[in-house]
Amino acid sequence: MLIVENLCKSYGKLQAVNQLSFTIEDGSIFGFVGPNGAGKTSTMKIISTLLKPTSGRVEVAGVDISVNPGLVRGLVGYMPDFFGVYDDLKVAEYLDFYAASYGIPQAQRGKIAEDLLELMDLAHKRDAYVDSLSRGMKQRLCLARSLVHDPELLILDEPASGLDPRARVEMREILKELKNMGKTIMISSHILPELTELCTHIGIIEAGQMVACGTVEEIMRFSQLGSNLRITLLDRIEDTVRLLQEQASTGKVEVVGNTLEMPFTGDEREMSRILNLLVGQGIPVVSFAPSNSNLEDIFMQVTKGVVQ
Amino acid sequence: MGKMVMNPILSKELRTRMRTYKLPLLIGIYLGLLGAIALAYSWLQAQGLAADGFNPDVGPQMYVLLATLQLLLLAFVAPALTAGVINGEKERQTFDLLICTRLSATSIVLNKLLASVALIILLIIATLPVFSIVYFYGGVLLSDIGKVFLIYLVTALTLGVIGLFCSSLFKRTQISMVVSYLIVFLLLIGTMIITVFMRSAGNQQGLYTDHLPMVAYLNPLFALYSIFPSQGPGMSLIYNIINQGGPAFSLTSQGVALWKYNFICDAVIIVVLLAITIFRTDPVGRFPWFKRLFINKKGSEMQHEIPAAE
């Protein structure tokens with residue numbers, strides 16, 4: 001669906017995007033992760049034909065963005081991180097305006113707007129003025145706007161930024177719905193745990209360069225942090241530490257109170273074997289689980305030191 | 001029916017502009033000013049009527065007065081309607097959303113302009129009843145009023161394009177507003193001062209001529225005055241100022257009325273500024289020939305710079 005090859009973008013001396021290459025397959029959800037100023041927004045704007053790349057090639061569904069930007073605009077639905085709305089338009093008119101701007105015939109526009117408002121749970125706000133909506137509603141309306149022309153590729157720049165927890169959950173539900181509808185989505189976010197359950201692929205960008213890219217599982221495996229083991233005991237801590245250090249699959253054990261935590265390189269079978277071993281030795285195990293390592297940890301590990 | 005679809009920008013602009021209290025307020029103030037001056041003038045004339053009897057010059061005088069006033073008001077309104085059109089979208093952060101639709105930059109710019117011009121036409125039409133007071137006194141042809149309105153339209157279009165151009169040139173609406181008013185001021189008053197100065201200097205050196213310097217072609221007021229009969233009663237004051245003690249000049253050159261030259265100048269301004277505005281509006285450009293000539297060259301230079309920077 002999307003091919004990015006050696007993409008560069010510089011603003012004067014600042015190199016925002018540096019030799020960036022990645023692809024997004026049809027129907028996948030690509031999480032685009034990186035610290036502020038890493039070049040996420042620049043990359044997304046280039047793909048949406050809002051910025052001219054300094055060099056490199058970008059293809060959306062086989063169409064080169066610099067050869068035919070007009071066609072690409074019809075294929076891509078873009079939602080910026082910050083956006084404004086027109087004050088004096090009502091919600092339905094707002095969608096109708098953008099649908100018309102994408103060249104959708106008038107006869108179809110009403111139905112499309114109704115369906116999208118239903119999907120975004122905004123149908124009751126149809127006749128409200130756009131600027132009277134809450135931030136979360138505006139965000140959902142903007143997402144609806146990016147869908148009016150049924151784009152092949154959705155580019156969502158921080159769709160959950162500035163939302164309260166409830167609005168964030170609602171946004172996530174909508175994105176899951178879109179995923180089920182088979183949309184190809186490129187989504188950037190700071191809230192990494194949210195991406196873990198939503199995305200099929202992850203790309204981590206820093207200082208304009210891709211530092212890690214692949215399926216969520218690959219990225220998890222790529223990082224040692226992907227499998228920490230956390231064990232809580234009643235007592236016999238020292239025995240347990242000694243026992244664990246004899247195992248090949250566990251690393252250095254850290255002890256905090258009654259809780260032991262260590263890197264773990266084995267699979268689920270190995271995990272079960274260790275649990276059996278501990279219980280077999282009569283060690284009073286209270287809990288035994290892979291620790292909640294997530295993309296955030298990976299992100300912290302992968303991007304460490306590359307900045308500056 | 002299917003072909004009668006209005007451009008979404010035009011229909012949205014008209015709808016949102018008509019929706020607020022601002023437009024009726026603008027029309028109200030505009031008509032109030034024009035009407036008050038027309039009534040004040042006719043009241044003053046009526047005061048003198050008892051002594052002098054009917055004055056046949058009142059109609060043409062009032063006509064020149066109203067026409068001048070309306071042109072000045074339009075010069076005030078036109079940039080205000082367009083000078084925040086492009087950068088205003090950027091300030092409200094709606095520009096990206098607009099430009100990533102399938103509307104071309106040309107269509108966006110032209111329809112924004114059209115929406116503003118439509119409002120100006122509405123203003124002009126709204127002033128027709130005020131102009132009809134002139135017919136109460138007589139002495140003015142209907143075809144003259146038609147020509148005057150044509151000049152209004154072309155002038156409003158030119159000043160609107162200047163505002164639009166400034167709105168694409170400057171990031172802040174306040175700055176583009178100030179700069180476009182400055183340009184309008186130069187066109188209206190600046191060119192007039194230069195013309196008067198040049199004639200004054202020419203007359204002192206004995207270089208008497210009945211032609212105006214070329215710079216006068218840019219001035220919409222001269223274009224307007226070239227429509228009125230030069231020996232007419234309404235124009236004596238204006239001619240006295242411009243003549244600067246020299247021989248009477250005419251607002252025609254080689255038999256061609258000055259407003260026609262003015263239209264040519266305006267057409268050039270409109271075409272050039274619109275082209276630049278459209279080009280500046282689309283972030284990635286839709287001029288393949290231009291791209292081949294300049295941008296690709298620049299792009300390949302940049303590519304060489306990157307390894308060096310690392």
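How many helices and strands does chain B have? Chain B has 13 helices and two strands, where helices (H or I, at least four residues) and strands (E, at least two) are DSSP runs numbered from the N terminus. This is a predicted model, in which local features need pLDDT of at least 70 and side-chain atom pairs count only at pLDDT 80 or more, while totals for chains, interfaces and linings use all residues. Residues are numbered from 1 along each chain as its sequence is written, chains are lettered from A in the order in which they are written, and side-chain values use heavy atoms, with hydrogens and water left out.

**Inside chain B**

- Of the 310 residues of chain B, 49% count as buried; buried means under 20% relative accessible area, exposed over 50%, and partly exposed in between (1.4 Å probe, protein chains only).
- Look at contacts in chain B with a separation of 6 or more: 81% of them are between residues 24 or more positions apart, a contact being heavy atoms within 4.5 Å.
- Helix H8 (residues 142–169) of chain B has 28 residues and spans 41 Å from its first C-alpha to its last, close to the expected 40 Å, which is 1.5 Å times one less than its number of residues.
- Because 20 of its 28 residues are buried, H8(B) is largely enclosed by the rest of the structure.

**Where chains A and B meet**

- Chain B brings 31 residues to the contact, and chain A brings 41 residues.
- About 3200 Å² is buried between the two chains, with carbon and sulfur atoms giving 60% of that area; buried area is the accessible area (1.4 Å probe) that two parts lose on being put together, summed over both.
- Leu97(B), Cys100(B) and Arg102(B) supply 21% of the area that chain B buries against chain A, more than any other three residues.
- Twelve residue pairs are in polar contact across the interface (both at pLDDT 80 or more). A polar contact is a pair of N or O atoms within 3.5 Å; within protein, one must be able to donate a hydrogen and the other to accept it, and residues adjacent in sequence count only if both atoms are side-chain atoms.
- On the side of chain B that touches chain A, helices H1 (8–19), H5 (95–99) and H13 (288–309) each supply at least two residues.

**Salt bridges**

- Side chains of opposite charge can pair when their charged atoms come close.
- The whole structure holds 21 salt bridges over all chains, each a side-chain nitrogen of Lys or Arg within 4 Å of a carboxyl oxygen of Asp or Glu.
- Four salt bridges are counted between chain B and chain A.
- One salt bridge pairs Arg73(A) with Asp282(B), their closest N and O atoms being 3.1 Å apart. Arg73(A) lies in helix H2 (residues 69–75) of chain A and Asp282(B) in the loop between helix H12 (258–281) and H13 of chain B, so the pair joins two chains.
- Arg73(A) is buried at 1% relative accessibility, and Asp282(B) is buried at 6%.
- Within chain A, Arg109(A) and Asp96(A) meet in a salt bridge (3.0 Å, N to O). Arg109(A) is in helix H4 (residues 106–119) and Asp96(A) in helix H3 (residues 91–101), so the pair ties together parts that are 13 residues apart in sequence.
- Arg109(A) is buried, with a relative accessible area of 8%, whereas Asp96(A) is partly exposed at 28%.
- A network of salt bridges links Lys12(B), Glu13(B), Arg17(B), Glu89(B), Arg92(B) and Lys112(B).
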